[in-house]
Amino acid sequence: MDPRQLTKIDEYTWRIEPDAEHPVPAIIYASEALIRDMDDKVYEQAENVAALPGIVGASYAMPDAHWGYGFPIGGVAAFDPDLGGIVSAGGVGFDISCGVRALVTGLTADDVRGVQKELADDLLATVPAGVGSRGEIRLSALEMDAMLTGGARWAVKEGYGTETDLAHIEEGGCMSGAEPEQVSDQAKKRQLREMGTLGSGNHYLEVQEVVEIFDPELAAAFKLADGNAIVSIHCGSRGLGHQIGTEFLREMAVAAESFGIHLPDRELACAPLRSEVGRRYLGAMRAAINCALANRQIITHLVRQVLARVIPKASLDLLYDVSHNTCKEERHIVDGVERHLFVHRKGATRAFGPGHPDLPDAFRTSGQPVLIGGSMGTASYVLAGTEESMHRAFGSACHGAGRLMSRHAAKKRWSGRQVVDELAERGILIRSPTMRGVAEEAPGAYKDVTDVVDAAQAAGLARKVAKLAPLVCLKG
DNA sequence: ATGTGC
């Protein structure tokens, strides 16, 4: 994207001005270099979102923004139901409630290095990964509905984890307002055997080392110290979320016209929040959020089993679990007035600051942990929400590195084996059921996550706490 | 992202 198309507000804030079709601006938070690397489609898509009914403030793009379905990935937009605001299935994304959770282990990276290969092999054998991967768990119809209503709270009741885990998950591990009856039989059927599975694409499970601390006080609040081993899990709602997204996109494309909503792009399919289809989508989407929370909780249980075998002294305590593909009902102060809004975050992490009433006691003074997954073999970051982030983009920050190269181009450029061998030389063990997936996820196919995180901090979206480097990576 | 898809 050519930065000259944008109004430069400051070094890290760029604006597409409103006009007759776009009542609010689009705001991109990024360095000039990141803007240059951004797809031109991000400009178009961020501007298109600014034309949707009932949008409040601006259409925002995070520093890792790239071309998505309708809305950019790395997009944030809030809508007011009182002003005819909409909800959009494409504004949430196909992988509903995809997210990251990080666990502190009570181990040092050296503890891990001593058994690195056994750990990698046991994780591959224990956590199902890859397209169509199936788990041991098979849900009955009744259990499916209980899972879709209860989320991680259901999983803990079933024996996958502890009460303490729940306080360290957004929404306390259970998204309210879920309506399993709005989830199609087909979506439920696809999920029957997929609980506790990682999936494919950019999903991963990593054992990481804390290699740098930026803010000692916040790091202490998050129980992170230099040289510690961390486990991070990145995955979502699997086939169920995908099926819900597919079905409602189709339905909303038809509905939008019937509501007289003019769409600049068919992919922006949406429906008023106060319409019947809008309400049904919210009920189904919240059920998918619970599915993702339960899924990450079950995978956590599997990782605890692996560590109990390989390094018995390990203790896996959940730092936090964040979702980065959601639409959430939240209260925000806009121009000094508290408003009740529906915030779409697509490839954007919630980043609530200190004192926010939705945060658990543990993070009341620190702000919430913001977990940023890098590309395979590079780095991940832990950030914290700030008071400033509340006013920048409705308490949101970036979610990852963001692709630089298409999957197709990455496959042409690297072989999976070559990527695995190169990373092994640097002490990083990759395990995956598919070498093709590894090639698509080669580190060179992504932007530098450090640039993205630095821009997020400089733009006031979140504050850097710690940097994590991978030791073991299980890829789908 | 995905019972990957022309």
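These legends describe close-up views of a predicted model. Residues are numbered from 1 along each chain as written, chains are lettered from A in written order, and side-chain values use heavy atoms, without hydrogens or water. Local features need pLDDT of at least 70, side-chain atom pairs count only at pLDDT 80 or more, and totals for chains, interfaces and linings use all residues.

**View 1. Residues around DNA strand B.** Sugar and phosphate make up 47% of the atoms of DNA strand B within 4 Å of the protein. By class, this surface has 2 nonpolar, 8 polar and 6 charged residues. Here Asp, Glu, Lys and Arg count as charged; Ala, Val, Leu, Ile, Met, Phe, Trp, Tyr, Cys and Pro as nonpolar; the others, Gly among them, as polar.

**View 2. Side chains that reach DNA strand B.** An N or O atom in the side chain of glutamine 186 is 2.8 Å from a base oxygen. Arginine 436 has a polar side-chain atom 3.4 Å from a base nitrogen. Helix H9 (185–191) and helix H11 (238–258) each give two or more residues to this surface. H11 gives the most, with 3. Helices are DSSP runs (H or I) of at least four residues, and strands (E) of at least two, numbered from the N terminus.

**View 3. The open sheet.** 7 strands line up as E1-E2-E3-E4-E5-E13-E12, with mixed pairing. Strands pair if DSSP finds at least two bridges between them. E1 (7–10) and E12 (325–334) are the edge strands. E12 runs antiparallel to E13 (residues 337–346), joined by 10 bridges.

Key. Near = heavy atom within 4 Å. Polar contact = N/O pair within 3.5 Å; in protein donor to acceptor, adjacent residues only side chain to side chain.
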